[in-house]
Amino acid sequence: MPVRKDYEPEFKGQAVRFARGEMEPDESREHACERLGPKLKVKAVTLYNWLKHSASANRLDRRQRRQRDDGDDDPYAASGRRVEPATVLVKRPTPGALHGHRRRLSPC
């Protein structure tokens, strides 16, 4: 079984920044990793995973920063999704209940 390589966090960060900087605007992440992986002496799959993880972490960081800056406690506000308020059904009172009258039950 091959030994798993452990990369330093600094190297991972530098590789991700390099890959993002060298990526063409219309190039897919997968194609960029195949092209740039050999330059960094890293497998394309490894670089692809690092880019995926950094993208999700950046998205979360931006969302948290935006929430903090807005002072908004709504978790959906930063995501840009519009959430409709829940529909609440209210039972209308009977006309007698409005005036304090109670309906009397007739004995059977």
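Q: Which residues of α1 are buried?
A: This is a predicted model, in which local features need pLDDT of at least 70 and side-chain atom pairs count only at pLDDT 80 or more, while totals for chains, interfaces and linings use all residues. Residues are numbered from 1 along each chain as its sequence is written, and side-chain values use heavy atoms, with hydrogens and water left out. Buried means under 20% relative accessible area, exposed over 50% and partly exposed in between, with a 1.4 Å probe and protein chains only. In α1 the buried residues are Ala15, Val16 and Ala19.

Q: Within what arc do the buried residues of α1 fall, seen down its axis?
A: The arc is that of the directions from the helix axis to the C-beta atoms. The buried residues of α1 line one face of the helix, because seen down the axis they fall within an arc of 100 degrees.

Q: Which exposed residues does the face of α1 turned away from its buried side carry?
A: Helices are DSSP runs of H or I with at least four residues, and strands are runs of E with at least two, numbered from the N terminus. On the face of α1 turned away from the buried side, the exposed residues are Glu10, Arg17 and Gly21.

Q: How far apart are the end C-alpha atoms of helix α1?
A: The expected span of a helix is 1.5 Å times one less than its number of residues. For the 14 residues of α1 (residues 9–22) the span should therefore be 20 Å, and this agrees with the distance between the end C-alpha atoms, which is 20 Å.

Q: What pattern does the chain follow along the sequence?
A: The chain has four helices and zero strands. Read along the sequence, its pattern is α-α-α-α.

Q: With which side chain does the side chain of glutamate 27 make a polar contact?
A: Glutamate 27 has its place in the loop between α1 and α2, and with a relative accessible area of 14% this residue is buried. A polar contact is a pair of N or O atoms within 3.5 Å; within protein, one must be able to donate a hydrogen and the other to accept it, and residues adjacent in sequence count only if both atoms are side-chain atoms. A polar atom of the glutamate 27 side chain lies 3.0 Å from the backbone nitrogen of glutamate 24. The side-chain partner, at 2.8 Å, is histidine 31.

Q: Is lysine 43 buried or exposed?
A: Lysine 43 lies in the loop between α2 (29–40) and α3 (44–70), and its C-alpha is 8.3 Å from that of cysteine 33, ten residues apart in sequence. Because its relative accessible area is 64%, lysine 43 is exposed.

Q: How is the aromatic pair of tyrosine 7 and phenylalanine 11 arranged?
A: Rings of Phe, Tyr and Trp (its six-membered ring) pair if their centres lie within 6.5 Å, and planes under 30 degrees apart count as stacked, over 60 as edge-to-face and the rest as tilted. The structure holds three aromatic pairs. In the pair of tyrosine 7 and phenylalanine 11, the rings are 5.7 Å apart centre to centre with 25 degrees between the planes, and the pair is stacked.

Q: How many residues apart in sequence are the parts that tyrosine 7 and tryptophan 50 tie together?
A: The rings of tyrosine 7 and tryptophan 50 have centres 5.1 Å apart and planes at 85 degrees, so the pair is edge-to-face. Because tyrosine 7 lies in the segment before α1 and tryptophan 50 in helix α3, the pair ties together parts whose separation in sequence is 43 residues.
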